[in-house]
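Visitor: I would like to learn how to read a model like this one. Can we go feature by feature?

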Amino acid sequence: MPLTALKIYLVFLLTYAGMAAGRLPWLRVDRTGIALLGLIALLGSQALTLDEIGARIDMPTLMLLFALMLISAQFVTSGFCDAVFARLGTAAGSPLRILGLTVAVSGGLAAFLANDILVFVATPILIDAVRQRGLDPRPYLIAFIAASNAGSAATIIGAPQTILIGQLGGLRLPTYLAACGIPATVALVIVFAVVGFIWRGKLALSAEGFQSPPPPPPVAVRRHDRNQTNKGLVALAALLVLFCTGLPKDVFSLPIAALLLINRKFTSRTMIAAVDWPMLLLVACLFGVTGALGNTLGASALIDWLQDIHLLPDSLVVLAPLTLVMSCTIGNMPFVILLLQLWQDMPAGALHGLALFSSLSGNLLLIGSLSNLIIAERASESGVNLRFWEFARSGIPITLASMGFAVFWLYVTGFMPFLPVVD
């Protein structure tokens, strides 16, 4: 084995072992830091040059992600997201109705806005809103997590991994909606039903309250500027129209987002600061590490071998469990990048299935996706601790039921075969 290939394999294995662990033991190095260290190791070991790594990073995908994050930042800075979640504190109805509104709002917004930006902003506001009503924040946070993951699968711009799959796979919005829109909507119903059933009678705080010591003071809520929100809606609508066409998404999405920077209300610095830069860095570094692996003879031999034994993930019986396991170990985004880099002629049906399953599988465990961890960390800052098994008690049935329906839907609509096709 050539020495260069050996270095690439070693860096790849160590990087993805770090992805599975989530962070380096005894150090505050998360998945983004691990991916960056892996890329630096490729450069430092001279396995690849800087130009070779740059050639493996898909810049159109990064530009598209950046454009969507800027559009999402418009809704954040305008106060729209704050106002929507703060409204849950004053909306009329029972705790069960508030739970339903939480699911609907979270899933609806996650379908169109960058999920990581949304959950970072909305988590403390949601906690304050339900506390005002004397409700236990935990079931509403679990519903928030699950609904945001399910809702992000509904459209091609709902999550970083769906954007990535749509861009690299050349998917269009109408076909994507036909494949993934209904299963994602059904998943939201499942989220409401499961959380409502498991937490029945416990949606409100007990007589002695939940928090000890007392919770921190409420977070400041941005004042809602409707004119700025309307500008964001126009940009979002233009982006959705773009995804219905065959035009290059990266070329035309950037001008749409850039127009939002020409603003008399907010500084460009404010908008740019709202972008999820660690996510963009994670994607870029994983492109470099997995791209290096994809160009080795071992990677192509692996794909050929899987094809010979009919275990390529182009059937539901292979793709669904594989995505579930990999998303809950190395993470949905690292797995999506890995699979797309190794298998570059993935059929359209499998691409739709990968987008759907990689989002829904994030609900299995609290470590299932980056947005889950963001919500848990933000909740902890507000005095609410989501325990691993406490989340899994709802997350496991939600995931199994929603993925089960997704398998059924993709099979009956003809998007994917259930069993591998043998020539």
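Visitor: How many residues of α8 are buried?

Guide: First the terms. Buried means under 20% relative accessible area, exposed over 50%, and partly exposed in between, with a 1.4 Å probe and protein chains only. Helices are DSSP runs of H or I of at least four residues, strands are runs of E of at least two, and both are numbered from the N terminus. Here, 16 of the 16 residues of α8 are buried, so the helix is mostly covered.

Visitor: What sort of model is this, and how are residues numbered?

Guide: This is a predicted model, in which local features need pLDDT of at least 70, side-chain atom pairs count only at pLDDT 80 or more, and totals for chains, interfaces and linings use all residues. Residues are numbered from 1 along each chain as its sequence is written, and side-chain values use heavy atoms, with hydrogens and water left out.

Visitor: Now helix pairs. At what angle do α4 and α11 cross?

Guide: Axes are lines fitted to C-alpha atoms, for helices over the stretch in contact, and angles run from 0 to 180 degrees between N-to-C directions. The axes of α4 (residues 59-77) and α11 (residues 226-242) cross at roughly 155° and come within 8 Å. Angles under 35 degrees count as roughly parallel, over 145 as roughly antiparallel, 65 to 115 as roughly perpendicular, and the rest as oblique. The crossing angle therefore makes α4 roughly antiparallel to α11.

Visitor: Is the crossing of α4 and α11 left-handed or right-handed?

Guide: A crossing is left-handed if the near helix is turned anticlockwise from the far one by less than a right angle, and right-handed if clockwise. The crossing of α4 and α11 is left-handed.

Visitor: Which residues make the contact of α4 with α11?

Guide: Contact means heavy atoms within 4.5 Å. From α4 come L68, I71, Q74 and F75. From α11 come Q228, T229, K231, G232, L233, A235, L236 and L239. As for class, Ala, Val, Leu, Ile, Met, Phe, Trp, Tyr, Cys and Pro count as nonpolar, Asp, Glu, Lys and Arg as charged, and the others, Gly among them, as polar. This contact has 7 nonpolar, 4 polar and 1 charged residues.

Visitor: How do α18 and α20 pack?

Guide: Their angle is about 170°, and their axes are 10 Å apart. α18 and α20 are therefore roughly antiparallel to each other. G353, L356, F357 and L360 of α18 meet T399, S402, M403, A406, V407 and L410 of α20. By class, the contact divides into 7 nonpolar, 3 polar and no charged residues.

Visitor: Is L360 buried or exposed?

Guide: L360 is in helix α18 and is buried, with a relative accessible area of 0%. Beyond its neighbours within four places in sequence, L360 is in contact with A150, A187, T399, S402, M403 and A406.

Visitor: Where does N372 lie?

Guide: N372 lies in helix α19 (residues 370-381). N372 counts as buried, at 0% relative accessibility. Neighbours within four places aside, N372 contacts I145, N149, G362, L365, L366 and F391.

Visitor: Now the loops. Is L113 buried or exposed?

Guide: L113 sits in the loop between α6 (95-110) and α7 (115-132). L113 is buried, with a relative accessible area of 4%. Leaving aside neighbours within four places in sequence, L113 is in contact with S72, F75, C81, I157 and G158.

Visitor: What is the phi of Q46?

Guide: Most residues other than glycine have a negative phi. Phi of Q46 is near 60°, a positive value in a residue other than glycine. Q46 is in the loop between α2 (31-44) and α3 (50-56) and is exposed, with a relative accessible area of 68%.

Visitor: Last, what does L419 touch?

Guide: L419 is in the segment after α20 and counts as exposed at 52% relative accessibility. L419 touches S315 and V317, not counting residues up to four places away in sequence.
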